[in-house]
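Welcome, and please open the model in your viewer. We will go from one selection to the next and look at what is there.

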Amino acid sequence: MAPAQNPITSKHVAVIGAGAAGIITSRELRREGHSVVVYEREKQVGGLWVYTPKSDSDPLSLDPTRSKVHSSIYESLRTNVPRESMGVRDFPFLPRFDDESRDPRRYPNHREVLAYIQDFAREFKIEEMIRFETEVVRVEPVDGKWRVQSKKSGGFLEDEIYDAVVVCNGHYTEPNITHIPGIKSWPGKQIHSHNYRVPDPFENEVVVVIGNFASGADISRDIAKVAKEVHIASRAREPHTYEKISVPQNNLWMHSEIDTANEDGSIVFKNGKVVFADSIVYCTGYKYNFPFLETNGYLRIDEKRVEPLYKHVFPPALAPGLSFVGVPAMGIVFVMFEIQSKWVAAVLSGRVTLPSPDKMMEDINAWYASLDALGIPKRHTHTIGRIQVSS
Ligand code: FAD
């Protein structure tokens with residue numbers, strides 16, 4: 001990344017999404033002198049942090065015709081990162097003792113994070129750039145520019161041309177479901193964590209939770225408060241694993257992964273244990289999804305790898321007109337959005353230049369080779385730290 005020789009220019013930029021990534025990005029773009037339009041299909045800022053008791057009409061989110069909900073937040077969720085590490089650098093996430101509705105704890109509840117995002121939007125007058133209830137349905141390159149087609153809540157379609165598009169649509173909405181041998185004939189209930197809100201539906205049940213990263217660890221303990229038994233299946237554990245986990249209800253066990261599910265309702269784990277379960281909760285993570293993006297096959301998603309992306313942000317042959325803020329999964333997310341979007345803004349204004357597309361591809365291929373050499377699976381291409389990963 002070299003300082004540019006070109007005069008600094010202002011671009012007309014579309015940002016897709018007004019979650020934390022979108023509002024931080026739009027602030028950086030405007031600070032750099034660009035004109036910005038943010039498209040947001042919901043009625044308010046906050047994205048994932050806008051909790052709703054509603055969920056997708058299909059609990060596994062497999063039916064393409066299902067009614068969809070964006071948020072994956074459950075009622076009991078508190079941050080898994082301390083507030084000091086969550087805020088944007090020049091707008092820290094400080095406790096607000098002046099307002100009783102706020103949660104001043106170091107690891108606050110999800111409502112507090114939404115309130116912080118709303119404070120940020122108010123402070124930096126972000127809402128004046130946002131078109132709410134407007135969904136982007138198609139984005140494609142045309143003659144060196146980008147056509148963005150959007151749909152208002154009434155169904156009205158609009159086409160507009162931009163110099164650049166920054167994609168900030170989030171990646172915790174499209175569930176990834178692990179296949180279990182025999183599951184088709186297993187008679188119990190199944191749900192993905194995207195659609196989990198409260199433990200009540202699992203009262204007195206025997207429940208198997210698949211996955212033991214952030215969501216699996218949280219949700220298994222939440223359900224244990226009301227269930228008869230909860231069994232966690234973790235593929236990260238040795239096949240012989242069978243441990244009791246300490247919880248007040250004394251009803252939580254850790255196993256290795258599931259071997260089979262059977263017609264008689266039994267679940268057999270790789271450690272040889274068998275439980276007759278009422279429900280399975282898949283805390284098995286999410287897929288990247290850019291259903292609006294038309295790049296003629298250039299950009300692909302392969303096992304959770306969005307490729308090719310230079311430093312997880314720019315697709316070389318389409319840069320700098322197309323960029324992504326928020327692809328990596330990591331612990332300190334909002335600061336990452338800030339740094340990525342400052343880079344995008346500076347590249348678009350010409351203050352910073354990117355390497356040539358060939359050089360960027362070389363860098364990407366070297367990154368893939370280094371992951372291979374370390375034996376890191378493709379699905380962890382964008383995992384910087386393991387904090388938010390469900391598997
Ligand atoms: P989102 O918040 O998902 O926002 C994307 C926005 O884009 C949404 O508003 C959506 O409506 C909009 N959108 C999508 N498609 C379109 C379209 N076609 N047209 C128009 N608008 C569109 N991070 C932390 O820092 N701390 C935590 O404690 C933490 N806990 C988490 C717990 C869970 C269960 C999960 C799943 C994630 C957690 N994260 C946490 C990570 C979290 O993803 C980030 O904090 C961050 O909020 C993501 O912001 P985003 O803007 O990338 O995506």
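How many residues surround the ligand, and which are the closest? Select the ligand and its shell: 32 residues surround it, and the closest are Ala21, Glu40, Leu48, Trp49 and His70. A residue is near a molecule if one of its heavy atoms lies within 4 Å of it.

Before we zoom in, a word on the model: it is predicted, local features need pLDDT of at least 70, side-chain atom pairs count only at pLDDT 80 or more, and totals for chains, interfaces and linings use all residues. Residues are numbered from 1 along each chain as its sequence is written, and side-chain values use heavy atoms, with hydrogens and water left out.

Show the backbone of Leu48, where a polar atom is 2.8 Å from an oxygen atom of the ligand. A polar contact here is a pair of N or O atoms within 3.5 Å. Taken alone, the ligand exposes 990 Å², and the protein buries 96% of that (accessible areas by the Shrake-Rupley method with a 1.4 Å probe).

**Stop two: from the shell to the sheet**

Now colour α1 (20–31), β5 and α5 (333–349), each of which supplies at least two residues of the shell around the ligand. Helices (H or I, at least four residues) and strands (E, at least two) are DSSP runs, numbered from the N terminus.

Follow β5 into an open, antiparallel sheet of three strands, in the order β5-β6-β7. Strands pair if DSSP finds at least two bridges between them. β5 (134–142) and β7 (157–162) are the edges; each has a single partner strand, so one side of each is left without a neighbour in the sheet.

Select Val148 in β6: Val139 has it as bridge partner on one side, and Glu160 in β7 is also its bridge partner.

Next, the turns. Two residues lie between β5 and β6 in their hairpin, where Asp143 has a positive phi of about 45°. Four residues separate β6 and β7 in theirs, and Gly155 takes a positive phi near 100°.

**Last stop: two cysteines**

Finish with Cys168, buried at a relative accessible area of 7%, and Cys283, buried at 1%. Buried means under 20% relative accessible area (1.4 Å probe, protein chains only).

Terms used
Buried means under 20% relative accessible area, exposed over 50%, partly exposed in between (1.4 Å probe, protein chains only). A polar contact is a pair of N or O atoms within 3.5 Å; within protein, one must be able to donate a hydrogen and the other to accept it, and residues adjacent in sequence count only if both atoms are side-chain atoms.
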